[in-house]
Amino acid sequence: GDAFPEMNIRTWDNKIVTTKDLVPDYPIIFVLFNPGCGHCKDIIMNVQNNLGMFKNTNIVFVAGKPLQGELPRFVGEMKLDKVEEIVIAGDDSGVIEKVFEYNGIPQIMLYDKMHTLQHIYYSEASLAEMAQKLYGR
């Protein structure tokens, strides 16, 4: 699979996160999402409610730059402001254009601990299946 792309994203609370900020040797769940999309809210809630399944994993949700302004309200509504394990950000660097395949959102991309792409889901994904693909369990 492809290597994880270089990215420069701006979190909902205005911090910059780059590829170098991700923990090396931890797999990555990288999700392209829209704050207004129902499936996107479902997957965020599922991941948040099952963080124990995804210990030692970089979890990053990225929305398009035009949606950056919606993120603080979205994070508040979803009660994600205290959830440090999940990065919620807007795209500041065009990373979405590099990887988005326009087959539906959320687009959920799984990268192994070498940060190589293993699998892409569109719209929906089973957390158990995601964990199996990421950790082989």
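A residue is buried when its relative accessible area is under 20% and exposed when that value is over 50%. The model discussed here is predicted.

**Thr57**
- Thr57 is located in the loop that links helix 1 to strand 4.
- Its relative accessibility is 11%, so Thr57 counts as buried.
- A polar atom of the Thr57 side chain lies 3.2 Å from the backbone oxygen of Phe54.
- Side chain to side chain, Thr57 makes a polar contact with Tyr135 at 2.4 Å.
- Leaving aside residues up to four places away in sequence, Thr57 touches Tyr26, Pro27, Ile28, Ile29, Leu134 and Tyr135.

**Helix 1**
- Cys40, Ile43, Ile44, Val47 and Gln48 are the buried residues listed for helix 1.
- They cover an arc of only 130° around the axis, which means that they lie on the same side of helix 1.
- Strand 4 (58-63), helix 2 (71-77), strand 5 (86-91), strand 6 (107-111) and helix 4 (127-135) pack against the buried residues of helix 1.

**Nonpolar cores**
- The largest nonpolar core has 30 residues, of which Phe33 and Met130 touch the most other members.
- Elements giving two or more residues to this core include strand 3 (28-32), helix 1 and helix 4.
- Beyond four places in sequence, the residues that Phe33 touches include Cys40, Ile44, Phe61, Leu71 and Ile88.
- Another core, of 19 residues, lies apart from the largest one, with Phe4, Val17, Leu22 and Leu32 among its members.

Conventions: Residues numbered from 1 in each chain as written. Predicted model: local features only at pLDDT ≥ 70, side-chain atom pairs only at ≥ 80, totals over all residues. Heavy atoms only, no water. Buried < 20%, exposed > 50% of the residue type's maximum accessible area, 1.4 Å probe, protein only. Helix = DSSP H or I, 4+ residues; strand = E, 2+ residues; numbered from the N terminus. Arc of directions from axis to C-beta. Contact = heavy atoms within 4.5 Å. Polar contact = N/O pair within 3.5 Å; in protein donor to acceptor, adjacent residues only side chain to side chain. Core = buried A, V, L, I, M, F, W, Y, C linked by side-chain atoms within 4.5 Å.
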